[in-house]
Amino acid sequence: MAFPGVPLMLLVGALARIPGSEGGKETPAHFLYQGKGECRFLNGTQLVRYLQRYFYDRQEIARFDSERGEYVALTGLGKADADYWNRNKLYVQIAKGEVDRFCRNNYRLYNYEAAKREERLISRRAKPTVTISPTKMDPTSPNTILLCTATGFYPMEIEVQWLKNGEPEKEGVAFGEELQNGDWTYQLQVMLETQPQRGDVYTCKVEHTSLEAPITIQWEPRSSSFARSKFWTGIMGAVIGVAFLAVGLFSYLKSKKATPIQPPAGEFLLFSHFSPS
């Protein structure tokens with residue numbers, strides 16, 4: 001485990017001789033001279049190794065190693081610097097003191113802040129919002145896709161279950177991946193492919209640490225309500241039809257009763273012939 005220190009970065013301009021340059025001319029170039037402090041911890045802060053590393057042109061040339069207690073040259077270019085620093089006892093003492101001042105002190109500070117952040121995250125709770133969306137992938141297919149979506153929850157662990165008429169559904173269930181919403185909350189979609197029948201009740205059950213009780217959202221096939229509506233519509237139509245028929249029959253009988261019945265013309269003449277004069 002390494003905790004890099006605040007790097008001291010110097011951009012040094014130098015005149016360098018580039019091999020192969022025409023006429024052996026010196027061409028100006030820029031190289032990066034960089035110093036890094038590095039802490040390596042073993043078993044907390046009981047065993048700490050401090051490295052003060054120096055780089056030139058992307059290559060480490062020298063370092064101070066607390067296990068050796070001195071500066072070490074890694075290339076010929078770094079030998080002069082390492083020898084100079086080792087001769088200066090103040091530099092060596094300062095480097096040795098970084099084990100406590102820089103490494104152990106920052107380890108405690110970092111872990112305290114990390115523990116506080118972790119505590120805030122662990123104690124945070126966000127309740128999910130649950131919805132059901134039915135759809136048909138193929139209009140000619142009897143299958144219906146039911147999509148249960150839980151969104152806005154934290155922490156990430158959540159359990160989503162499909163029930164049919166109160167019994168867990170095993171077949172036709174597909175789970176998506178937990179996706180981040182960008183605000184430290186998550187969302188999850190669970191799909192159920194089924195053939196709903198009249199009277200079926202589908203339930204999406206969601207359990208989460210932020211909830212005192214599971215959230216349950218129900219869905220019923222539209223065909224069931226449509227069939228009931230169609231049934232009552234038929235009954236109402238039949239009642240209205242009978243009413244119109246009764247009114248029509250009543251009107252017809254009433255009109256027949258109000259019209260006098262006239263005898264045939266022949267009978268009238270015969271009756272007049274035998275009447276007394």
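This note goes through a predicted model of a single chain, point by point.

1. Overall make-up. The chain has 4 helices and 15 strands, and 27% of its 277 residues count as buried. When contacts between residues at least 6 apart in sequence are considered, 49% of them join residues that are at least 24 apart. The chain exposes about 20000 Å² of surface, and carbon and sulfur atoms supply 58% of that area.

2. The disulfide of Cys39 and Cys103. A disulfide is a covalent bond between the sulfur atoms of two cysteines, and the count for this model comes to 2 disulfides. One of them is formed by Cys39 and Cys103, whose sulfur atoms are 2.1 Å apart. Cys39 lies in strand β3 (residues 27-42) and Cys103 in helix α2 (residues 89-123), so the bond ties together parts that are 64 residues apart in sequence. The torsion about the S-S bond of this pair is about -85°, and the disulfide is therefore left-handed. Both Cys39 and Cys103 are buried.

3. The disulfide of Cys148 and Cys204. Here the distance from sulfur to sulfur is 1.8 Å, and the link is left-handed, with -75° about the S-S bond. Because Cys148 lies in strand β8 (residues 144-153) and Cys204 in strand β14 (residues 202-207), the pair ties together parts that are 56 residues apart in sequence. Cys148 has a relative accessible area of 1% and Cys204 one of 0%; both values are under the 20% limit, so Cys148 and Cys204 count as buried. If the bonded cysteines are numbered in sequence order, the pairing reads 1-2, 3-4.

4. In soluble globular proteins, nonpolar side chains tend to be buried together. The largest nonpolar core of this model has 19 residues, of which Val160, Trp162 and Cys204 touch the most other members. Strands β7 (129-135), β8, β9 (159-164), β13 (186-194) and β14 are the elements that give two or more residues to this core. Another core, of 17 residues, lies apart from it, and its members include Val48, Tyr50, Val92 and Tyr107. A student tracing the structure may wish to return to Cys204, which is a member of the largest core and is also joined to Cys148 by a disulfide.

5. Aromatic residues. A search of the whole structure finds 11 aromatic pairs. One of these is formed by Tyr54 and Trp85, whose ring centres are 4.7 Å apart and whose planes stand at 35° to each other, an arrangement that is called tilted. This pair links distant parts of the chain, since Tyr54 is in strand β4 (residues 47-56) and Trp85 is in helix α1 (residues 76-87), 31 residues apart. Both Tyr54 and Trp85 are buried. Tyr54 and Trp85 also belong to one aromatic cluster, together with Tyr33, Tyr50, Phe64, Tyr71 and Phe102.

6. Charges over rings, and a neighbour of Phe55. The charged end of Lys36 sits over the ring of Phe55, 5.6 Å from the ring centre. The C-alpha atom of Phe55 is separated by 7.7 Å from that of Leu32, although Leu32 and Phe55 are 23 residues apart along the chain. Leu32 has its place in strand β3 and counts as partly exposed, at 35% relative accessibility. Elsewhere, the charged end of Arg124 sits over the ring of Tyr154, at 5.2 Å from the ring centre.

7. Backbone details to check. Asp57 has a positive phi of about 55° although it is not a glycine; Asp57 is found in the loop between β4 and β5 (59-65) and, at 42% relative accessibility, counts as partly exposed. Asn165, likewise a residue other than glycine, has a positive phi near 55°. Asn165 is found in the loop between β9 and β10 (167-168), and its relative accessibility of 45% means that Asn165 counts as partly exposed.

Conventions:
Residues numbered from 1 in each chain as written. Predicted model: local features only at pLDDT ≥ 70, side-chain atom pairs only at ≥ 80, totals over all residues. Heavy atoms only, no water. Buried < 20%, exposed > 50% of the residue type's maximum accessible area, 1.4 Å probe, protein only. Contact = heavy atoms within 4.5 Å. Areas by Shrake-Rupley, 256 points an atom, 1.4 Å probe, with all protein chains shown as cover. Disulfide = S-S within 2.5 Å. Phe/Tyr/Trp six-rings, centres within 6.5 Å; stacked < 30°, edge-to-face > 60°. Lys NZ or Arg CZ within 6 Å of the ring centre and 35° of its normal. Core = buried A, V, L, I, M, F, W, Y, C linked by side-chain atoms within 4.5 Å.
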